[in-house]
Amino acid sequence: MGEFMSIFHNLYQYRELLKTNVQKEIRGKYKGSFLGVLWSFINPLLMVLVYALVFPYIMKGNGIDNYLIFLIVAIIPWNFFTTVITSGCNCIWINGGIIKKVYFPREILPISVVVAGLVNFLISCIIIMLFLLFGGIGFSIQLLWLPLIAIMQSFFCLGLLFVLSAINVYVRDIEYLVAFLINLLFYATPILYTADLFPEAIRFVLYLNPMAHFMDMYRSIFYYQTLPNFGSLGYLAFLSLVVLVVGYFIFRKLEKGFAEEV
């Protein structure tokens, strides 16, 4: 436990480095592009536009009202997940030169990726708000659940990233495998469709995927404007903390060889 608590001491001691890395992650992603950080808004909008035009024909009208809003309240949180995981897989490897020369807590690198992703996600929620406002759905008090759900997703992503970024130092194929698996996971997550599409007898298989629960949480507070399912909320809180703690300990075990491998 003491080893795990040391992360808070390290983050405070190296808070300026963390701040600088987060700023670099946010600004550096679109550095040199004409529209800059506006791409954080444009990318999910383009994704939604494509799916909103094509997928209703595949679904042949599944009775989903405001399908465009139904999509956007899930695709933007999904984009948060995929951006963090895919871009963070090689965060240790690409900083190999610094790791060899300067000591700093290595966990700052994946943490910076997740914090930057969380900031971009919360900014992107402005898009959701605009669609809710102009789409006739409006807002509800359930939006107060947003920070908690976003933090749980951040913990879940960080735990995964601790493991993936550390293993990627030793096995460079990991980042390519992860990109492939995320593409598969997209279609196994109720983003383009509702879970009701599957028979109730096998629907539990869909919810073995934690991201299915996250999508339900976001749709509850944004789209349906109802309380999130407390069973799913408790499950995600427990799972996120377990993944975070286990991921951190794996990271600490593997970081001993970073300087030799990068």
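Modeller: Start with Y218. Leaving aside neighbours within four places in sequence, Y218 is in contact with V73, P77, F121, L146, I149, A150, Q153 and Y223. Contact means heavy atoms within 4.5 Å.

Biologist: How far can I trust that, and how is the numbering done?

Modeller: Residues are numbered from 1 along each chain as its sequence is written. The model is predicted: local features need pLDDT of at least 70, side-chain atom pairs count only at pLDDT 80 or more, totals for chains, interfaces and linings use all residues, and side-chain values use heavy atoms, with hydrogens and water left out.

Biologist: What makes F121 and Y218 an edge-to-face pair?

Modeller: Rings of Phe, Tyr and Trp (its six-membered ring) pair if their centres lie within 6.5 Å; planes under 30 degrees apart are stacked, over 60 edge-to-face, the rest tilted. The centres of F121 and Y218 are 5.7 Å apart and the planes are at 75°, so the pair is edge-to-face. F121 sits in helix α6 and Y218 in helix α10, 97 residues apart. Helices are DSSP runs (H or I, at least four residues), numbered from the N terminus.

Biologist: Is Y248 buried or exposed? And F249?

Modeller: Buried means under 20% relative accessible area, exposed over 50%, partly exposed in between (1.4 Å probe, protein chains only). Y248 is at 1%, so Y248 is buried. F249 is at 29%, so F249 is partly exposed. In the protein, buried residues make up 47% of the 262 residues.

Biologist: What makes a nonpolar core, and which residues have the most contacts inside the largest one?

Modeller: A core is a set of buried Ala, Val, Leu, Ile, Met, Phe, Trp, Tyr and Cys residues joined through side-chain atoms within 4.5 Å. The largest has 77 residues, and F121, F214, Y218 and F222 have the most contacts inside it. Helix α4 gives the most to this core, with 14 residues.

Biologist: How do you know that R219 lies over the face of F70?

Modeller: The rule asks for NZ of Lys or CZ of Arg within 6 Å of the ring centre and within 35 degrees of the ring normal. R219 is at 3.5 Å from the ring centre of F70. R172 lies over the face of W93, at 4.2 Å.

Notes. Helix = DSSP H or I, 4+ residues; strand = E, 2+ residues; numbered from the N terminus.
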